[in-house]
Amino acid sequence: MGVTEMNQRKLLKKQLGDGYSYEKIKSASDVKRILSTAEPLGFDMVVSSLTVGCVRLEAVLYQQSGRKKLGYDLFVKDTPTGQEWICYDNLTDEVRIGAFNFEQEMFNVLNTYVVKHGLSYTECSFEKLEGKP
């Protein structure tokens with residue numbers, strides 16, 4: 001992990017205050033146990049979530065072609081203050097749930113995608129979508 005990415009995460013955490021949050025919903029051992037069982041998933045299961053301003057990355061357990069997999073879903077907002085999240089992409093990056101600092105790991109994946117696709121943590125360049133009031 002690069003010092004720059006760690007510093008950028010800490011800077012954004014300070015700058016965004018409540019707009020930055022990380023939630024670990026399932027432990028790495030819980031995720032490995034779920035992946036190893038034969039019982040199918042009835043629904044997608046978020047195991048960890050990182051919100052940085054206008055973008056959110058979720059590590060998700062899901063079922064595909066009869067197999068359980070672990071992947072990332074990327075969400076964006078159409079306005080920085082909006083309440084609705086819009087699914088932007090399903091990432092193919094490997095999820096390293098057992099990483100020493102999974103929050104930093106998720107930030108690195110998120111930051112790479114944000115930079116590569118011209119997204120922003122603090123501004124939205126999307127047309128406002130009409131949704132729930």
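Modeller: Happy to! The open sheet has 5 strands in the order E1-E2-E3-E4-E5, with antiparallel pairing. Strands here are DSSP E runs of at least two residues and helices are H or I runs of at least four, both numbered from the N terminus; two strands pair if DSSP finds at least two bridges between them. Because E1 (20–24) and E5 (86–91) stand at the edges with a single partner strand each, one side of each has no neighbour in the sheet. From one strand to the next, the twist averages 25 degrees.

A word on the source: this is a predicted model, where local features need pLDDT of at least 70 and side-chain atom pairs count only at pLDDT 80 or more, while totals for chains, interfaces and linings use all residues. Residues are numbered from 1 along each chain as its sequence is written, and side-chain values use heavy atoms, leaving out hydrogens and water.

Contact means heavy atoms within 4.5 Å; axes are lines fitted to C-alpha atoms, for helices over the stretch in contact, with angles from 0 to 180 degrees between N-to-C directions. Helix H3 (residues 102–116) lies across E1, E2, E3, E4 and E5, at about 65 degrees to E2.

Finally, the loop between E3 and E4 holds Ser-65, whose phi is positive, near 55 degrees, though the residue is not glycine.
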